[in-house]
Amino acid sequence: MKIRILTLTHKSPAWIKTGYEEYAKRLPPTCALELVEIPAEKRTSHADIKRIIEREAEKMLAAIKPTHRVIALDVKGKAWTTEQLKEQLAHWQQDGRHIDLLIGGPDGLSPLCLQKAEHIWSLSTLTFPHMLVRVMVAEQIYRAWSMLQQHPYHR
């Protein structure tokens, strides 16, 4: 199974890349992470945010593979405990379908992207910088995988 993290982004700081790669490299090919960076639209003080979100949604939806399960990250989604994420990961691995996990830009995901998702997952009711979310998601997936393997990382 491959989990593709589709994320709207501008140029990421080196520490974001390093943090993401640290967890991605720990996962085996049977639960591999792949980062797909989709260029976010330019935002100015006079930008039409609604139109920007629509254009970003077009790019995000075009990047989704038709046979993949779609999971969207959104503050209004369902919060999973680590144990629940572990159970989700076990289910996804049994199912055998690849996953496209959607992370929005500074203004979140379009309603069209949320409608496409089978699950809408919330990391927290707090708002995080969208670039940091990829690191957090990679760590949580690694943590869930390590629990399934009874690896000591989780302790």
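**View 1. Residues around the largest cavity.** Leu8, Ile53, Glu56, Ala57, Met60, Gly108, Leu109, Ser110 and Cys113 line the largest cavity. Here a cavity is a set of points, on a 1 Å grid over the protein atoms alone, where a 1.4 Å probe fits but cannot get out, and lining residues have an atom within 4 Å of a point. The model is predicted, so to read it, note that local features need pLDDT of at least 70 and side-chain atom pairs pLDDT 80 or more, while totals for chains, interfaces and linings use all residues. Residues are numbered from 1 along each chain as its sequence is written, and side-chain values use heavy atoms, without hydrogens and water.

View 2. A search of the whole structure turns up 1 cavity of 30 Å³ or more, and the largest holds about 30 Å³ of space. Volume means the space filled by probe spheres set on grid points joined across faces, edges and corners. Helix H2 (residues 49-63) gives the most to this lining, 4 residues; helices (H or I, at least four residues) and strands (E, at least two) are DSSP runs numbered from the N terminus.

**View 3. The largest pocket.** A pocket is an open set of points with protein on both sides within 12 Å along at least five of seven lines. The largest one has about 390 Å³ of space. Of its 20 lining residues, Leu73, Asp74, Val75, Phe128 and Val133 are the closest to the centre.

**View 4. Elements of the pocket lining.** Strand E3 (69-79), strand E5 (119-122) and helix H5 (130-148) each supply at least two residues. The largest share, 3 residues, comes from E3.
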